[in-house]
Amino acid sequence: MWFLITLSKEYTTSLTFSVNYKNIPQDKLLQNNPKKEIDIIVKSTGFNIIRSGFGDKTITLNANSLRKKSSGSYYFLTRNQVSTIQKQLHSGIELQQIVLDTIYLDIGTLTSKKVALKPNLDIKYQIGYDILEPVSVEPDSIFISGPEAQVKNITSIDLKVIKLENVREDFSKDVEIVLPKNSGNIKFNSKFTTISGKVEKFTEGTLEVPFTIKNLPRGVDLTILNKTVEIVYVVGLSNFNKIDKNFFEVVCDYNLSKDNNLGYLLPKVIGKPDYVKSFKVIPNKIDFLIQK
C-alpha cells in the first residue's frame, strides 16, 4: 500500500533522451556529429515516470528553423521545440523545462566532385616478362558527395594493394576502394574498380642511329670519329618488327659541352617510340676536336 501510494504522487524530475534531427535543408548536411542527448525536466506521477524509462527513449527535434551563427555553424532555440517534444512524451507526462536552451549544429553545403583513384601495385613479373603498357584502371575515378568542408580536402582516393607474383600473362582484378578516414558523412558512387594489365615477353634489339649536333657556332668545325651511336633497346615481342632507326632521334648539344668545359659531346635521345620500354646509348660520350 505504501509503495502504491508513493508511485501515485506527482514528482518533478529530470529525464535524459536520445535526439534525432529532422527537416535539415536538402542542400545542407551535418559535417560532425551533433549533440546526441538532451535533459528535460518533467512533472508526472511516479507510475508514468517509471513507465517512460521503458521502450524508445528518443526525441526527434525539428531543424527547419535554423539560424546561422558563422560559416558552417547553425543553431536553434529549444524553447521553440516545447510542443514538438511534449507530443512525443508518454501520456500523463508534462514537460516543465528543457535544460539546454540552444543546440548548435555544424552544417555544410552539400557538394560533389570527381576524384581520381590511385592504384597500389606490388607486382613481380617472371624473368623476361613485363607490363606492355600502363596499367588500366576502370573506372579511374569516382564521384563523391558530402559536406563541402570535407569533400574539398579529398584530392585522390587510394585502392587496396594488388600483390601478384611471377606474372607472365595478362591480368584483371577487382579492387576495393580504401575509404578515407573520417568519411562517415561522405557518400561514394562506387566501392570497387577494376585494374588490368597486358603482359608480354620482352626482348632486346640494337640499331645504329645517326645523331645531329645543335648549337654549333658558325665558323666552328668539329672532327668526330663516328657519325652514329648504337641504341640498345628493350621492347615487347609484338612490337619488335615495328622498330626502325628513323624512329629514334639523337642530338648532341654543343653548348652543354662548352659551358661545362667538356672535351666530348653527350648524345641524348629526344625521340623514340612509346612502346620502347628502356634503352641505352653506346657510347655515352663522343670525343671531338675543334678545327681552326
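How far apart are the mean positions of the positive and negative charges of the chain? I looked this up before anything else. The 39 positive and 31 negative charges have mean positions 8 Å apart. A reminder to myself: this is a predicted model, and I read each value below with that in mind.

**Entry: the whole chain**

I turned next to the overall build. The chain holds five helices and 23 strands. Its radius of gyration is 37 Å, while the globule rule gives 19 Å for 292 residues, so the chain is more spread out than a compact globule. I also looked up the span of the C-alpha trace along its principal axes, and it is about 125 × 45 × 30 Å.

Then I checked burial and surface. Of the 292 residues, 33% count as buried. The accessible surface of the chain comes to about 18500 Å², and carbon and sulfur atoms hold 49% of it. For contacts with a separation of 6 or more, I noted that 74% join residues 24 or more positions apart.

**Entry: Thr-193**

Is Thr-193 buried or exposed? I found Thr-193 in strand β15, which covers residues 192–197. Its relative accessible area is 2%, under the 20% cut-off, so Thr-193 counts as buried.

I wanted to know what the side chain does there. It reaches the backbone oxygen of Pro-139 at 2.7 Å. A polar atom of the Thr-193 side chain also lies 3.1 Å from the backbone oxygen of Glu-138. Both Glu-138 and Pro-139 turn up again in the contact list of Thr-193, which leaves aside neighbours within four places in sequence. That list also has Leu-117, Val-137, Leu-159, Lys-173, Asp-174 and Val-175.

**Entry: Phe-288**

My last stop was Phe-288, in strand β23 (residues 286–291). Its relative accessibility is 12%, and because buried means under 20%, Phe-288 counts as buried.

Which residues does Phe-288 touch, not counting those up to four places away in sequence? I wrote down Leu-222, Thr-223 and Ile-224, then Tyr-254 and Ser-257, and finally Leu-262, Gly-263, Tyr-264 and Leu-265.

I also looked up one distance for Phe-288.

Terms used. Residues are numbered from 1 along each chain as its sequence is written. This is a predicted model: local features need pLDDT of at least 70, side-chain atom pairs count only at pLDDT 80 or more; totals for chains, interfaces and linings use all residues. Side-chain values use heavy atoms; hydrogens and water are left out. Helices (H or I, at least four residues) and strands (E, at least two) are DSSP runs, numbered from the N terminus. Buried means under 20% relative accessible area, exposed over 50%, partly exposed in between (1.4 Å probe, protein chains only). A polar contact is a pair of N or O atoms within 3.5 Å; within protein, one must be able to donate a hydrogen and the other to accept it, and residues adjacent in sequence count only if both atoms are side-chain atoms. Contact means heavy atoms within 4.5 Å. The radius of gyration is taken over C-alpha atoms; the globule rule is 2.2 Å times the number of residues to the power 0.38. Accessible areas come from the Shrake-Rupley method with a 1.4 Å probe; for residues, only the protein chains shown count as cover. Lys and Arg count as positive and Asp and Glu as negative; His and the chain ends are not counted. The place of a charge is taken as NZ of Lys, CZ of Arg, CG of Asp or CD of Glu.
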